[in-house]
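This report describes the predicted model shown below.

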Amino acid sequence: MNRLRAMTQPREATVPSGSEPVISLCGARASLGSRPVLRGVDLTVTRGEVVALLGANGSGKSTAVRAVIGQVPLTDGEIALFGTELRRFRQWSRIGYVPQRTTAASGVPATIREVVSSGRLSRARLGRLSRVDRAAVDHAIELVGLGDRAKDSVSALSGGQHQRVLIARALASEPELLIMDEPMAGVDLASQGILADTLREQVAAGTTVLLVLHELGAIEPLIDRAVVLRDGCVVHDGPPPKAMGQHALPGHDHVHPHAADESLRTGLLT
Amino acid sequence: MEILETAFMQRALIAALLVGITAPAIGIYLVQRRQALLGDGIGHVAMTGVGLGFLLSTNPIWMATLVSIIGAIAMELIRTYGKTRGDIALAMLFYGGMAGGVLLINLSDTGSTANLSSFLFGSLSTVSDADLTAIAALAALVMLVSVGLRRQLFAVSQDEDFARVTGLPVRALNLLIAVTAAVTVSVAMRVVGLLLVSALMVVPVAAAQQITRSFKATFALAVGIGVTVAVAGTSTSYYQDVPPGATIVLLAIAVFIALTALATPLARRRARAAEADMDRPECGSELPGMRQPGGDVRV
C-alpha cells in the first residue's frame, strides 16, 4: 500500500493550512422530519487526522456522519470528499464505513468471510472477486483478530466480535478514510482493546479517521482532535476534552444522567 | 417410469422442477432482508393480472407477470419513500389486487371463479406447452439475476446503508429483487398457486438455515429442498388424488420441522462451545491495551 502521508504533519487541534482536506463540511444544515438536526455545522478533516465527533444523544453527531456519506440530504451547506463535491463523488472504495449497528447478522446465516467480502464490492463492483480481492478480505479479517473464525457464522459471535466484523468489512476495500458511527457501542473491554489496536495500525499506515463516539474510552490516545456537537452546532473543536477522558476511563461507571453530564462538559469547554 | 410417459405429466414435472429451483433462489434475499411476506403480497397483486389476462383473452401468465412487476415496483417504492403508514399502503395494494382479480375474471366471457381457483391453488394438469415456454423463459431470467448478481444482492440485503457507501446502485438492485420476485410469482403460480407461492420462496430457506452456517450453503440447500419437495409433491399428486400445490407446501413444512428437530441438539452443542469460549476473556485479568490481535477468542 503506497499511501502518501507526511509523517511530520503536526498533529494539532487547528487544521494546518495547505494540507489536503479529506472531508469538508461547510455550513451544513439538515432536518429529520420537521426537526432541524444540523444547524450550520463546519467540519474539516485533513489527511491522516483522527477526529472524534462527540456529543450527547440527539446532538446531531450521527446525522453529521450520515450526511458526509450522503445518507442524509442537506437542506443547506456543502460537503466535499477528497476535494470532490459529494454529488459528484464516485470513488467509494477510498472510504470504509462502519454504520451504527449492534449486529452484523441478517435474516439468513452468513459467515464472517461472506459479510466482510461485501466490503470489497466497492472495488469489484458488478464483477467477480479476484484473487487480490479475496486476499484483501482475508487480510481485513486478520486485522481484527478473527482470522481463525472466518468460516464461522456471524450469528454465533459476541457483541464485540460483531463490531470487529463490521470494521473488517469497512477495511476490506483498503480505504484511505474510515468513517465509524459508534464503533465501541456495546463492546466489551477485551474487544475494545483489539479494536483500538486495529485502529492504531490503520492510523500508523496513514488512514484518516472520523468516528462518532459516545465516550472516548480505549481509543482516546489515538485521537488528534475532538469536535463536540450540541443541538446541531459545534461547541468545541480542539484537543479531546479532559473531562471526557477521565470520565471514560475503564472502570468508570457510566450511570449519571446525560443532562448533568452535558452541562458539566460544556461548562469546561465554552 | 409410467409417470414420465404422459405428456401433461412431463410438462408438470418440468414446471415443478423450475419452480423448485427459482422460488428459493430469490426467496433467500427476501428472507435475508426480513421481507419474507413480500412474495405473498405480490401473489395477491398478480391476481389482477390473471383476471386481466382472462378479460383480454391473452395468456394469463404474461399478464400476471406484467401486473405483479408493477405491483412489486410500487411496493418497493412505498418501502423506500413511504412515510409512517407504509403498512396501510401495502394492505391497499394486497387487497386491491385480490379484489381486482375477482372482479375482472367475472367480467370476462371465458373466465369463471373455477378458473381463478386453478391460479389460486395451482393446477399442474392444465399446464400447456405455451405455459411451459413462458415458465422456462422466466425461470432462466430469475436464475440469471439471483445467481449472477449474488454478491451484490447479498450486500444490499445484508446492510443497505453500508451497500450504499460501497457505491453499489442500491435503488436499482432493490428494484431488481422486487421485479425478480414478481417474475418468480408468475413462474410458480401454475404449480403451487398464487396463495401458496410465498411458501415455496420462504419455507425451503427457513428449513435450510436450521443447519447451515453460510449464505452459500443456505442457498444451495434451499434450492435442493425446493426441487425435492416440488418434484415429490407433483409426483404424489399423480398417484394420489391430492392437489399438488398444497402437497408441495406441506412437504416443505415437514422438511422444516425435521431439520429443526435435527438442528436443536446441534445448536445446543455449538452454544455450549461458544459459551466455554467466551468465558476466557471475561475471567482473564488482562487489560485491553495488553491484548494482542487474534489473541482472545479461539475455537
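Of the 167 residues in the largest nonpolar core, those that touch the most other members are A:Leu53, A:Ala168, B:Val19, B:Leu200 and B:Ala252. A nonpolar core is a set of buried Ala, Val, Leu, Ile, Met, Phe, Trp, Tyr and Cys residues joined through C-beta atoms within 7 Å. A residue is buried if 20 or more other C-beta atoms lie within 10 Å of its own, exposed if 12 or fewer, and partly exposed in between, with C-beta atoms placed from the backbone. The element that gives the most to this core is α1(B), with 13 residues. Helices (H or I, at least four residues) and strands (E, at least two) are DSSP runs, numbered from the N terminus.

The model is predicted: local features need pLDDT of at least 70 and side-chain atom pairs count only at pLDDT 80 or more, whereas totals for chains, interfaces and linings use all residues. Residues are numbered from 1 along each chain as its sequence is written, and chains are lettered from A and ligands numbered from 1 in the order in which they are written.

Apart from its neighbours within four places in sequence, B:Val19 is in contact with B:Val187, B:Ala188, B:Val191, B:Val192, B:Leu200 and B:Ala230. Two residues are in contact if their C-beta atoms, placed from the backbone, lie within 7 Å.

Axes are lines fitted to C-alpha atoms, for helices over the stretch in contact, and angles run from 0 to 180 degrees between N-to-C directions.

| Helix pair | Angle | Axes |
|---|---|---|
| α1(B) and α6(B) (residues 129-148) | about 25° | 9 Å apart |
| α6(B) and α9(B) (residues 170-189) | roughly 150° | within 9 Å |

Residues of α1(B) including B:Arg11, B:Ile14 and B:Leu18 meet residues of α6(B), among them B:Leu132, B:Ile135 and B:Ala139. By class, the contact of α1(B) with α6(B) comprises 13 nonpolar, 2 polar and 1 charged residues. Ala, Val, Leu, Ile, Met, Phe, Trp, Tyr, Cys and Pro count as nonpolar, Asp, Glu, Lys and Arg as charged, and the others, Gly among them, as polar. The contact of α6(B) with α9(B) has 9 nonpolar, 4 polar and no charged residues.

Chain B has 12 helices and 0 strands, and 49% of its 299 residues count as buried. Chain A has 8 helices and 10 strands, and buried residues make up 50% of its 270 residues.

Within chain A, A:Leu38 lies in strand β2 (residues 35-46). A:Leu38 counts as buried because it has 28 C-beta neighbours inside 10 Å. A:Leu38 and A:Thr63 are 25 residues apart in sequence and 7.5 Å apart in space, C-alpha to C-alpha.

At the interface, 40 residues of chain B are in contact with 42 residues of chain A. On the side of chain B that touches chain A, α7(B) gives the most, with 6 residues. By class, that side of chain B has 16 nonpolar, 13 polar and 11 charged residues.
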